[in-house]
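Here's a quick tour to read with the structure open beside you. Take it one topic at a time and find each piece as you go.

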Amino acid sequence: MAVDLRKNAATMPAGEFENFFKACVLLKSQIVPGKTFSVYDQWVAIHGCVMGVKTPGSTQFVNLGHQNIGFMAWHREYIRRFELALQSVVPGVTIPYWPWPVSPLEPSTLFSNARIHRIFFTSSVQQAVGGLLAAGRPSSPPAWWPTGFAWTIQPALQVGGSPILRRGSPNNNWPPTQAAVTSIENIATAPPGVNVYWGFWNELESGARTHNTGHNIIGGYMSNPVFSPNEPLFWIHHAQVDRVWSRWQANRVAAGSTLLSIYPPPTEASPWNGQVPPNGHRRDDVMWPWTGGTLGYSVNAPAGVQTMLPSFVGVPVRKIRDVFDHQNLGGGLGGYQYV
Amino acid sequence: MVIKRTNKPEAKKAIAPKADFAEYVLTKGSSRLMDARIARKEIRLYVNGPAMLFGSARILTSLDMPGGATHQAWKKLAASLTCTSLCGHNGKTKIPLEVATSRIGTHIEFSTGPMAMYQSTVVIKPKKDVTLKQAIDEAFGNPGQSYLVVIVPEPASGHLEHDASIFEPNVEPGSPHDDHNHGGVLGNRHGS
């Protein structure tokens, strides 16, 4: 499998960017046989269900995709698998990355109708998305647009009953400067005995203007705790998160570390609270739902969401450490680079 | 300690300088003491996981009662400030600054905002066009001594993932983000 190239959403050729949206639309219009939901919806359901997973032998539900050190690894596996699903409908397509420092407040190709449309900063009212997904479909659909299709949110994946995508947030804490992003990519120090990854991960997921902020400033479904992948911007945002991680990894390896050494060893306790991370976040842990069908996992989500989960029985077991090298992920996932 | 203070860029033709602000990130391992008595007109708390990771915060002082930290002074301080959550998930929410009392004294307590998994901004600022330091000093009677006033964040008391209440509707996406008051301290605590 060739190494795919993920490109800058602001500067990549328009046709390639449109191909990403085309692939999302085609997956969204592809109904799972015998069901009433789409293949795209299944990916949204996975993100919802990872919020509360009980691993074999555990007594409580844990968020296996967020708020702990497995955040980046889980999302790397998740968006790569989604990317391969996109390629099943549009061969060769890859997920663009959102170069965060490009300000939505200034005119740009990225925030035009042809690409990701607008983000309504400081808006007191959420507004319907325009451009390609205006009210679910563009005013002049391209030739590839599925007949009669409109991008609407599957009822089980709605919170609050909104069937269409909207954006808008009074939170305008954006964008980060390029210097700030570069600074994160160069985090190299930690207190004695603390793996450098801890601080890097926390900054990338929860810093002043990074992953969490990006979700919140877009608003609407993008800021919904469980169903944010309903908004296709999710993938573009997370490609940037993954890119920053990959660049940080490259910087640390260039300085003499190994990919394995820049993730806390399984027994290293959290520097926040002295506790070893829960099962699912440690370096050698299996990532749900890619458990190879292992029994003993349970999910704490509404039945209507759980029933949408695709089966991963027969898919090789995937561990956190399996995704450290994004150019060679193994498990049939190939690899990718950022250009 | 992660403290960043930033000046807003001034408008080119501004008659008076724009208000400036201090920003603090509330995340795992971030500072547990944040300076509130600052010569800035606004504090922005970037709260990761309001009501999920962080639940509330207290405003405390190193002043004692004889030094000016009376119950009446705390009430005056609370009345002189506004607190607002800005969130893509929940919109704009006024947060009450509650004067909390116990047998040992008084402090101010406030919620870090309605539940969200990502990051919202809580803005605290004086109602009058003065700095936080001026508002605090005035409330405490301009104490003739050096003293601290700090914001102390508190963790949320539960994990919303555990009982799947994270899936429950909060604010209808797309509904007007009118100011609505459901940001009380107790209203956002979630027992597990």
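Predicted model: local features only at pLDDT ≥ 70, side-chain atom pairs only at ≥ 80, totals over all residues.

- In general, the strands of a sheet pair through backbone hydrogen bonds, and they can do so in a parallel or an antiparallel way.

**Walking across the sheet, pair by pair**

- Begin at strand 3 of chain B, residues 34–35, which pairs with strand 11 of chain B, residues 149–155, over two bridges in the antiparallel sense.
- To spot that pairing, look for Asp35(B), which stands opposite Val150(B) in strand 11 of chain B.
- Next comes strand 5 of chain B, residues 54–61, and how many bridges link it to strand 11 of chain B? There are seven, and this pairing is antiparallel too.
- Two spots to check here are Ala57(B), which faces Pro153(B) in strand 11 of chain B, and Arg58(B), which stands opposite Val152(B) in strand 11 of chain B.
- Strand 5 of chain B also pairs with strand 9 of chain B, over four bridges and again in the antiparallel sense.
- Ala57(B) turns up here as well: its bridge partner in strand 9 of chain B is Phe110(B).
- Strand 5 of chain B is mostly covered, with six of its eight residues buried.

**A hairpin elsewhere in chain B**

- Strand 6 (residues 81–87) and strand 7 (residues 91–94) of chain B run antiparallel and are joined by four bridges.
- The link between strand 6 and strand 7 of chain B is a hairpin through three residues.

**Chain B as a whole**

- Chain B has two helices and eleven strands.
- Reading from the N terminus, its elements go β-β-β-β-β-α-β-β-β-β-β-α-β.
- Of its 192 residues, 44% count as buried.
- Take the contacts in chain B between residues at least 6 apart in sequence: 72% of them join residues at least 24 apart.

- The average pLDDT of chain B is 82, and 74% of the residues score at least 70.
- Over residues 1–17 of chain B, though, the pLDDT is below 50, and this stretch has 19 contacts in the model beyond near neighbours in sequence.
- Residues 171–192 of chain B also stay under 50, and the model has 64 contacts for them beyond four places in sequence.

**Where chain A meets chain B**

- The contact takes 42 residues from chain A and 34 residues from chain B.
- On the side of chain A that touches chain B, the elements giving two or more residues are helix 5 and helix 6 of chain A.
- Helix 6 of chain A supplies the largest share of that side, six residues.
- What's the make-up of that side of chain A? Its residues divide into 16 nonpolar, 25 polar and one charged.

- Helix 5 of chain A, residues 196–206, is largely enclosed by the rest of the structure, because nine of its eleven residues are buried.
- Among those buried residues are Tyr197(A), Trp198(A), Phe200(A) and Trp201(A).
- What do the buried residues of helix 5 of chain A pack against? Within chain A, they meet helix 3 (71–89), helix 4 (178–185), helix 6 (211–218) and helix 7 (233–254).
- From chain B, strand 4 (43–48) and strand 10 (119–126) also pack against the buried residues of helix 5 of chain A.
- Helix 3 of chain A has 19 residues and reaches 28 Å from its first C-alpha to its last, close to the 27 Å expected at 1.5 Å a residue.
- Since 14 of its 19 residues are buried, helix 3 of chain A is also largely enclosed by the rest of the structure.

Key
Residues numbered from 1 in each chain as written. Chains lettered and ligands numbered in written order. Pairing = 2+ DSSP bridges. Buried ≥ 20, exposed ≤ 12 C-beta atoms within 10 Å, placed from the backbone. Contact = placed C-beta atoms within 7 Å. pLDDT = per-residue confidence, 0-100. Expected span 1.5 Å × (residues − 1). Nonpolar A, V, L, I, M, F, W, Y, C, P; charged D, E, K, R; others polar.
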